[in-house]
Amino acid sequence: MAITVPPSSAARGTPSSPRRPAPATGHARGSTPGGGPPAELPAVHTMLVCVDLPSLAVSAEHGQLTGRGLEGFYQAGRRLLSRCVLRIAGREPVSVQGRLTGADRARFMAVVRTPGDGGPDPAVAVERVRTADGVERITLRNSVPRPLRVPVEITLGTDLADLGSIGAGRPGPELPASVHDSGLRWSAAGAMAVVTADPPPGDALASAGLLRWDMELPAGGSRTIELRVRTDRMVRSAGRAGSCPLPEATAEGDDPRVRDLLRTSVDDLRSLLMRDPAHPADVYPAAGVPWRCGLAPAEALWAVRMALPLGTRLAATTLRTLARSQAGGNGQIPGPFRDAGPHLPPGCTGVEATLAFPAVLAEARRWGLPEQDLAELLPAAERCLDWLRMATDSGVYLTDPGPGGLCRAETQAHAHRAALLGADLLDACGRPGGDGWREWAAALRRAFRQEFWIEDRAGGRPAAARTPDGRLVPHLGAGSVHLLDTGLLGAGELAPGLLGRVQTEQLARLLGGPSMDSGWGLRGLGAKEAAHNPFGHRSGAVRVHETAVAVSGLAAAGYEKEAGSLLRGLIDAAAAFGYRLPEMYAGEQRTADSLPLPHPAACRPAAVSAAAGIHLLSTLVGIRPDAPAGTVRLAPLSGAPLGALQLSGLRVASEAFAARVSRLGLGMVEEAADGLQLGV
């Protein structure tokens with residue numbers, strides 16, 4: 001009989017958020033400011049979202065900003081402009097295409113038939129290039145062999161609403177404008193926005209929010225209007241600056257999609273970088289756009305971990321940011337509670353982040369983290385391990401906060417990885433305690449294999465959780481993939497996992513079966529489980545991060561068939577989403593004539609899904625560095641599921657690194673730091 005665990009009183013609360021940096025600018029997904037029932041969020045899956053945090057531009061495919069839904073230019077969570085409607089010769093252009101041309105820009109094409117057109121062919125083409133930083137260039141091109149004189153009008157407006165209020169369906173009224181310089185200005189309650197135009201308009205009507213030009217278009221020529229949206233507190237982008245911690249990287253191979261996947265993944269991750277306002281040299285990835293434009297500690301750590309093939313700088317600055325949040329506490333990194341699906345109470349992401357911290361630091365060291373950064377961050381990792389020791393003092397398992405806490409399988413996997421990689425870190429830095437953590441991890445493995453496994457006629461399965469009275473929660477979900485994510489030790493070796501060999505084989509079979517593998521990726525909850533919902537946030541939707549973890553975990557354990565199936569499904573889904581993978585999408589079963597279905601409230605881009613693209617491709621090549629030992633090992637998928645592949649522009653030991661895998665599954669290093677040896 002299936003067990004559903006009700007939410008505990010501890011799970012219904014929310015711990016304080018980190019002191020630095022500021023929390024997300026938008027409200028939590030599905031919440032309303034000040035409490036109350038969840039709001040129905042505006043759909044974003046059909047929108048073109050230009051991102052260069054803290055700036056956004058959200059547009060419909062036609063390119064006109066109408067003030068509906070989320071449309072508009074944003075800065076630091078406030079909508080600076082909600083309406084920007086273009087009319088030429090008294091009519092709106094006919095949209096023919098709208099698409100993203102980069103993470104931070106979109107291009108919209110439209111045409112206009114003027115009164116003098118004698119046939120069906122339009123005389124004027126209109127190109128609008130819109131960027132996240134508040135700039136729009138509108139170019140009119142005359143295609144006929146005679147000059148044209150056309151009136152051009154742009155209607156502007158804004159509510160200066162914050163993103164949380166817009167998401168809750170309460171954006172507020174449009175504000176009155178005033179003429180300002182070569183454009184218009186709006187202000188309300190400590191906020192303001194200005195739009196300037198170049199060339200200046202011939203007329204500016206504040207009461208109508210209207211700018212007007214009479215434009216002379218030469219025969220076969222063009223004219224451009226540039227709009228700039230500004231506020232009095234513009235914030236500098238972190239992802240486009242010269243100091244961006246993510247380098248250019250390229251992928252080439254038999255499958256041409258790998259090039260676009262890596263390029264888009266890196267571009268999207270850059271677009272999500274934010275600065276710690278108190279320490280602007282430190283940047284971290286925001287969770288996702290548009291709903292979570294702030295720091296989510298656990299997801300930030302998973303993102304920088306998957307991005308380690310691009311170097312350790314982003315990991316170092318993110319770890320420093322989170323280390324400061326421990327100040328005055330018990331070593332735990334603060335974080336909110338997160339929905340865990342229909343069968344478990346919400347889980348604490350602060351616990352997840354605290355366990356991830358020493359693991360990410362240990363793996364960053366293997367990729368070549370500078371000694372100075374390691375020495376600075378080691379005390380914070382030790383505080384995380386001290387917290388784990390205190391939290392498990394009464395037993396071998398790490399339970400949820402509060403009396404009578406639940407034991408989650410996923411949490412035990414995170415704790416086991418933290419203990420083994422933390423022990424490795426302590427030994428390397430000459431600190432005591434490594435042997436004790438390895439002994440504790442061994443005890444946890446023995447207990448877990450005995451007490452978290454459910455035997456059945458199909459071969460058994462790991463329990464999702466264990467209740468305080470010893471009952472097992474049997475529902476199979478994507479959280480089980482963390483049992484395969486054991487972590488990187490020295491000489492390219494992986495840490496042992498919580499499951500035994502036979503149990504790992506059975507889990508691989510389950511993850512590769514039709515109940516979990518949708519054909520587009522791994523479902524959050526098996527299709528045969530009670531309360532399965534293909535659109536459910538954690539009850540059946542495909543979550544990109546967990547699918548990528550499943551691919552690498554299955555490949556490392558030797559189950560390449562199952563890993564290859566999930567990988568190909570995720571690559572196919574990436575192509576369908578224009579290589580900008582959302583954080584999740586529907587877990588509907590793939591058919592011959594289907595495409596993956598978007599989730600209308602999913603963040604896109606999201607840090608973990610952008611980093612997952614990097615992680616997938618590096619898994620294919622199987623890069624396992626040990627920079628302190630001066631070696632790197634390649635363990636590619638022997639079946640080469642995407643054919644030959646080369647990755648260039650990566651970083652190992654702070655130097656450029658390139659590697660490839662042949663069609664036969666043989667790995668070769670093409671470029672590496674001087675003295676870096678290929679390990680066996």
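**Stop one: a helix pair**

Start with α4 and α6, which count as roughly parallel to each other because their angle falls under 35 degrees. Select residues 297–306 for α4 and 349–367 for α6: their axes come within 8 Å and cross at roughly 25°. (Helices here are DSSP runs of H or I, at least four residues, and strands are runs of E, at least two; axes are lines fitted to C-alpha atoms over the stretch in contact, with angles from 0 to 180 degrees between N-to-C directions.)

Now show side chains. From α4, P297, A298, L301, W302, V304 and R305 meet a group in α6 that includes A353, F357 and V360; contact means heavy atoms within 4.5 Å. Nine of the residues in this contact are nonpolar, one is polar and three are charged.

Before moving on, a word on the model: it is predicted, local features need pLDDT of at least 70, and side-chain atom pairs count only at 80 or more, while totals for chains, interfaces and linings use all residues. Numbering runs from 1 along each chain as its sequence is written, and side-chain values use heavy atoms, without hydrogens and water.

**Stop two: L634**

Select residues 631–634, strand β31, and pick out L634. Is L634 buried or exposed? It is buried, at 14% relative accessibility (buried is under 20%, exposed over 50%, partly exposed in between, with a 1.4 Å probe and protein chains only). Beyond four places in sequence, its contacts include V621, I623, M668 and L678.

**Stop three: confidence**

Colour by pLDDT, the predictor's confidence from 0 to 100. The chain averages 92, but residues 1–38 stay under 50. Where pLDDT is low, the predicted coordinates should not be read in detail.

Notes. Parallel < 35°, antiparallel > 145°, perpendicular 65-115°, else oblique. Nonpolar A, V, L, I, M, F, W, Y, C, P; charged D, E, K, R; others polar.
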